[in-house]
Amino acid sequence: MRLNNFAFYGSAIALLSIGIFAYLSYCAAFNANVRSSSRMELYVYPNETDVAIGLKMDSILFDTSSFMHLAKIMKLTKLKPGRYLFKKDDHNFAIINKLRSGAQDAINVTINNVRDIYQLSGKLGAVMMLDSMAFVSLLTDSINLMTLNFTKENILSLFIPNTYQMYWTTSGDRFLQRMLQENKNFWLKENRLQKAAEKSLGASEIYTVASIVEKETINESEKGMIAGVYLNRLKTGMKLQADPTVVFAMGLTGIQRVLLQHLRTESPYNTYLVEGLPPGPIWMPSTATIDSVLNATNHDYIFFCAKPGYDGTHTFAKSLEGHLLNARAYRKWLDSQRIK
């Protein structure tokens with residue numbers, strides 16, 4: 001009888017142990033294990049070691065050891081590169097499944113306010129796994145440019161400023177393919193290509209005009225007027241004589257006053273010396289500025305000049321005489337403010 005009791009108690013203890021182990025295993029697998037109430041990010045680089053991942057998970061999880069133990073059982077041997085988001089209620093089982101499947105989360109990539117492809121590449125390299133110098137090489141490779149149907153001078157006009165969702169691991173080639181599609185979508189909307197054709201300009205040329213307008217004024221209400229001036233000059237064969245192109249040609253920023261000596265800068269971008277448009281954009285314009293060129297105000301003005309004061313507005317003139325009067329008033333104000 002005693003032997004039977006011992007056998008009974010032994011079996012009970014074994015079952016209890018199994019139950020406790022099962023419960024603890026369940027807790028280790030399915031209890032919420034993310035520290036923060038906000039979403040936590042994990043960036044996995046190619047060929048990153050388990051040790052490095054473990055250290056990163058330390059800052060994300062309450063209990064890293066239970067995670068690592070379950071990861072071993074579930075044979076999470078190699079992580080796929082990517083950016084992974086984890087929320088407060090995520091448990092080890094869900095986290096491991098996500099990492100094992102490589103179900104990374106997209107990031108927001110904002111493209112705007114850059115001078116050229118070098119600034120653009122640097123900006124992308126700061127938020128994506130993409131190598132900025134390798135991306136520059138893609139954008140300057142003659143064969144690749146021919147495939148894209150752009151030149152090294154106008155390649156910036158491929159990129160339509162916006163915020164795009166894409167994966168952190170997106171390669172340079174895939175990024176360019178996405179941008180080609182976004183560019184096509186943009187120009188097909190709202191009759192943009194038709195409006196450009198009505199002005200005898202292509203999409204890249206409209207983009208270039210918009211880049212000049214973008215640097216001429218921050219006043220949205222005036223952009224259509226200024227765009228109209230440049231389109232009038234192109235139509236009549238007059239040189240654009242745009243100060244921002246001179247600043248770009250000089251490779252400088254922050255010039256408050258363009259002087260006569262600056263206008264003699266030898267460059268295909270100096271529209272005081274060359275006729276027509278520069279070979280490419282001098283800045284990435286906003287979509288609103290692109291539309292201000294496509295929908296430019298119809299007028300007879302061929303001159304404009306900044307108004308005295310700090311509000312950033314302009315006066316417009318139809319004749320050189322009227323323009324010289326406006327320019328004289330502005331120069332007098334600059335001198336009074338000691339702006340060189």
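Tyr 45 is partly exposed, with a relative accessible area of 42%, where buried means under 20% relative accessible area, exposed over 50% and partly exposed in between, for a 1.4 Å probe and protein chains only. The model is a predicted one, in which local features need pLDDT of at least 70 and side-chain atom pairs count only at pLDDT 80 or more, whereas totals for chains, interfaces and linings use all residues. Residues are numbered from 1 along each chain as its sequence is written, and side-chain values use heavy atoms, with hydrogens and water left out.

Rings of Phe, Tyr and Trp (its six-membered ring) are taken to pair if their centres lie within 6.5 Å, and planes under 30 degrees apart count as stacked, over 60 as edge-to-face and the rest as tilted. By this rule there are twelve aromatic pairs. One of them joins Tyr 45 and Trp 168 in an edge-to-face arrangement, with 5.0 Å from centre to centre and 85° between the planes. Because Tyr 45 lies in the loop between strand E1 (40–44) and helix H2 (50–58), and Trp 168 in the loop between strand E4 (162–166) and H8, the pair ties together parts that are 123 residues apart in sequence; helices (H or I, at least four residues) and strands (E, at least two) are DSSP runs, numbered from the N terminus. Trp 168 is buried, with a relative accessible area of 3%.

A tilted pair is formed by Phe 248 and Tyr 269, at 4.8 Å centre to centre and with 55° between the planes. Phe 248 belongs to helix H12 and Tyr 269 to the loop between H12 and helix H13 (287–294), so this pair ties together parts that are 21 residues apart in sequence. Both Phe 248 and Tyr 269 are buried. Within H12 (residues 243–250), Pro 244, Thr 245, Val 246 and Val 247 are buried as well as Phe 248, and the cover over the buried residues of H12 includes helix H10 (203–216). Gly 251, which follows H12, has a positive phi, near 70°.

Asn 183, in helix H8 (residues 172–188), counts as buried at 13% relative accessibility. Leaving aside neighbours within four places in sequence, Asn 183 is in contact (heavy atoms within 4.5 Å) with Ser 157, Leu 158 and Ile 160. By contrast, Ala 197, in helix H9 (residues 192–198), is exposed, with a relative accessible area of 53%.
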